[in-house]
Amino acid sequence: MGFKVKDHYFKKAKKEQFLARSVYKLEEIDKKFKVLKKSDIVFDLGYYPGSWIQYTAEKVKKVIGIDIKEVNKKIINISNVDLFKKDAFDIEDISELGVDQKFDVILSDMAPDTTGIKSVDQDRSLALVEKVFKILPTFLNKDGNFVIKVFDGNDAQIFLKNNKKLFKSFNYFRPKSTRSVSKEFFVIGKGYQG
Ligand SMILES: C[S@@+](CC[C@H](N)C(=O)[O-])C[C@H]1O[C@@H](n2cnc3c(N)ncnc32)[C@H](O)[C@@H]1O
């Protein structure tokens, strides 16, 4: 793997100085579902290289990102952004992120390293999704919003179905910029009830 397809969105991101083409997924989601607002404090899991951070920092009060990769120095100087090198599986409490209040929005574009073995990749992806759902009670404000990337599969569908009541609205969405070969889609939960 590891190749980059230099498609329309790749070129557009480069031209507009975004760090990844993924920015157009979040932009489309935000335009359609109105996830972000000016007063929000946002937590972005799996932020690297940081195109979602670049987009979100312009729209909200503060954004905090974690990733298992080294902190990206290209975006460390954005004044309302804090970045940490952390594994999502290790985080338990908001105090580990230097904040003392829950987040208004949680974003996760996390993706595991893929093996090419479908069942393994689906299991790894679902483990990330389950972890994010697990931290919602301690990390997300009541009525908060949520965007998470999911790799499609039977178990993922069952898990999501069992959890959809956590939000007032719970939508599945595949942005236009998602590569046709990709099995990913996004879940957008609005109005957290947990
Ligand atoms: C598709 S990229 C995110 C792109 C990003 N949204 C952007 O706009 O630049 C997925 C990221 O998830 C991160 N990731 C995977 N597993 C993780 C984990 N357990 N904890 C934190 N980050 C993780 C990867 O290191 C990778 O950087």
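Reply: Happy to! Let's begin with K69, which has a polar side-chain atom 3.3 Å from an oxygen atom of the ligand; a polar contact here is a pair of N or O atoms within 3.5 Å, and within protein one must be able to donate a hydrogen and the other to accept it, while residues adjacent in sequence count only if both atoms are side-chain atoms. Please keep in mind that this is a predicted model, where local features need pLDDT of at least 70, side-chain atom pairs count only at pLDDT 80 or more, and totals for chains, interfaces and linings use all residues. Residues are numbered from 1 along each chain as its sequence is written, and side-chain values use heavy atoms, with hydrogens and water left out.

An N or O atom in the side chain of D67 is 2.6 Å from an oxygen atom of the ligand. For D87, the side chain places an N or O atom 2.9 Å from a nitrogen atom of the ligand. On its own the ligand has 610 Å² of accessible area, and the protein covers 89% of that (Shrake-Rupley method, 1.4 Å probe; for residues, only the protein chains shown count as cover).

Around the ligand there are 21 residues, and G50, S51, D67, A88 and D109 come nearest (a residue is near if one of its heavy atoms lies within 4 Å). By type, this shell holds eleven nonpolar, four polar and six charged residues (Ala, Val, Leu, Ile, Met, Phe, Trp, Tyr, Cys and Pro count as nonpolar, Asp, Glu, Lys and Arg as charged, and the others, Gly among them, as polar).
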